[in-house]
Amino acid sequence: PSSEGKRHGYGVCVFADGTKFRGEWEKDMWLQSAADPTFTKVLGPGISRAVAGENALFGIEARDEVKNRRLCGGDEFSVMLEGPTGVKVYGSVTDNDDGTYVAQYKCVVA
């Protein structure tokens, strides 16, 4: 198959407002780079506190390697908390398909 006239390779896509996104062309579509944990943000009350027996929530805002918000979902995040006694609590993450995620977990001991 010919690739003539098709975009391909890696690079930077610059939007009209000047925002730059690193990524690659695939099948003549621009794919933004994956989330970078160094620049990804977490926010919400569930980061610092939880009530035993109740779900605690916090948000994840995925960002790429140039600190831009991700425009789509599909990144893999997991939640695991370890208490002072070594007890581990695992949570779940819901993908909002827009670069944001909702994480939740339930502590069983106060």
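Which residues make up the largest nonpolar core? In this predicted model, the core has ten residues: Ala-56, Phe-58, Ile-60, Ala-62, Val-79, Val-89, Tyr-101, Ala-103, Tyr-105 and Cys-107. Strand 5 (55-61) and strand 9 (100-106) each supply at least two residues of it.

**Fold**
- The protein has nine strands and zero helices.
- Read from the N terminus on, its elements run β-β-β-β-β-β-β-β-β.
- If you take the contacts between residues at least 6 apart in sequence, 48% of them join residues at least 24 apart.

**Core and burial**
- In soluble globular proteins, nonpolar side chains tend to be buried together.
- Leaving aside neighbours within four places in sequence, Ala-103 is in contact with Ala-56, Leu-57, Phe-58, Ile-60, Val-79, Ser-92 and Val-93.
- Of the protein's 110 residues, 25% count as buried.

**Surface**

**Largest pocket**
- Rolling a probe the size of a water molecule over the atoms shows where empty space is left.
- The largest pocket holds about 290 Å³ of space.
- Its lining comprises 14 residues, and those nearest the pocket centre are Gly-83, Pro-84, Val-87, Cys-107 and Val-109.
- By type, the lining divides into eleven nonpolar residues, two polar and one charged.

Notes. Residues are numbered from 1 along each chain as its sequence is written. This is a predicted model: local features need pLDDT of at least 70, side-chain atom pairs count only at pLDDT 80 or more; totals for chains, interfaces and linings use all residues. Side-chain values use heavy atoms; hydrogens and water are left out. On a 1 Å grid over the protein atoms alone, a cavity is a set of points where a 1.4 Å probe fits but cannot get out, and a pocket is an open set with protein on both sides within 12 Å along at least five of seven lines; lining residues have an atom within 4 Å of a point. Grid points are joined across faces, edges and corners, and a volume is the space filled by probe spheres set on the points. Ala, Val, Leu, Ile, Met, Phe, Trp, Tyr, Cys and Pro count as nonpolar, Asp, Glu, Lys and Arg as charged, and the others, Gly among them, as polar. A nonpolar core is a set of buried Ala, Val, Leu, Ile, Met, Phe, Trp, Tyr and Cys residues joined through side-chain atoms within 4.5 Å. Buried means under 20% relative accessible area, exposed over 50%, partly exposed in between (1.4 Å probe, protein chains only). Helices (H or I, at least four residues) and strands (E, at least two) are DSSP runs, numbered from the N terminus. Contact means heavy atoms within 4.5 Å.
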